[in-house]
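Here's a walk through one model, with the cut-offs spelled out as we go.

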Amino acid sequence: MGSVTAMQQDPRPLVRAALDRARRIVGGVRADQLTAPTPCPGFDVRALAGHLASTLERSAAIGAGRDPLTVPESLTAPDDDWPAVLETAAEHYWQVWDDDALLDRPVTAPWGTFPGRVAMFVQLDELLVHGWDLAVATGQDAEADPALAEAALEVMRIALPESPREGFPFYPPVPPAPDAGPTERLANWVGRASEPWVRRDRT
């Protein structure tokens, strides 16, 4: 898939698939894992589940022309019912982003103004990378469908420069391991270190 084609495709099917994966991962978190650390700096599992839902609410605000920073960085969940919080955030997201016209309409986020489809690709990255964070922190399968992760990585290599990254909410890229899967490589591209989270056989 060429870079122009990647940026012009409808990102909604990809976001839906990534959201389905995020639901499975959040639903697989045990109560005794909620205070465990994650690869996302400053977030334990509980806070990161809340942040994942927050990214959807913030993206909905961006698409609707509201200030996304009015949404807390990490949402809270009564009785730690994180699947319900994520589902509510997803409903709010699709109430905005199901609109075909929004794909090419300019929207404004804290890091710039760009077509709506670009904001959706950023949300795709958020779902896949934070899903990876939660999965490796809780011992779940961290790799998404390869075609989904490869599509996201291709677009993020276009949208997110290797350097400089001032103004972007991402760390510098981390060189991937030779056997890293596409989701891990996506996480590496946005600044996640695989070690010590990914176990690898060593001879």
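## Charges over rings

Arg-157 has its charged end over the ring of Trp-189, 4.4 Å from the ring centre. To count as sitting over a ring, NZ of Lys or CZ of Arg has to be within 6 Å of the ring centre and within 35 degrees of the ring normal.

A word on what you're looking at: this is a predicted model, with local features needing pLDDT of at least 70 and side-chain atom pairs counting only at pLDDT 80 or more, while totals for chains, interfaces and linings use all residues. Residues are numbered from 1 along each chain as its sequence is written, and side-chain values use heavy atoms, with hydrogens and water left out.

## The aromatic cluster

Trp-94 also belongs to an aromatic cluster, together with Tyr-93 and Trp-97. Rings of Phe, Tyr and Trp (its six-membered ring) pair if their centres lie within 6.5 Å; planes under 30 degrees apart are stacked, over 60 edge-to-face, and the rest tilted. That rule gives three aromatic pairs. One of them is Tyr-93 with Trp-94, edge-to-face at 5.0 Å centre to centre and 85° between the planes.

Are Tyr-93 and Trp-94 buried or exposed? Both are buried, where buried means under 20% relative accessible area, exposed over 50%, and partly exposed in between (1.4 Å probe, protein chains only).

## Overall build

The chain has seven helices and two strands, in the order α-α-α-α-β-β-α-α-α along the sequence. These are DSSP runs numbered from the N terminus: helices are H or I with at least four residues, strands E with at least two.

For 203 residues, a compact globule would have a radius of gyration near 17 Å, and the chain's 16 Å agrees with that. The radius is taken over C-alpha atoms, and the globule rule is 2.2 Å times the number of residues to the power 0.38. Along the principal axes, the C-alpha atoms fill a box of roughly 50 × 40 × 30 Å. Of the 203 residues, 52% count as buried.

## The largest pocket

The largest pocket holds about 580 Å³ of space. A pocket here is an open set of points on a 1 Å grid over the protein atoms alone, where a 1.4 Å probe fits, with protein on both sides within 12 Å along at least five of seven lines; lining residues have an atom within 4 Å of a point. Grid points are joined across faces, edges and corners, and the volume is the space filled by probe spheres set on the points.

Its lining has 26 residues, with His-51, Thr-55, Glu-126, His-130 and Pro-169 nearest the centre. Helix H3 (45-63) and helix H5 (116-138) are the elements giving two or more residues to this lining, and H5 has the largest share, seven residues.

Most residues other than glycine have a negative phi, and most peptide bonds are trans. Asp-79 is exposed at 81% relative accessible area, whereas Asp-80 is partly exposed at 29%.

Further along, a cis peptide bond joins Glu-195 and Pro-196, with omega about 0°. Pro-196 lies in the segment after helix H7 (182-189).
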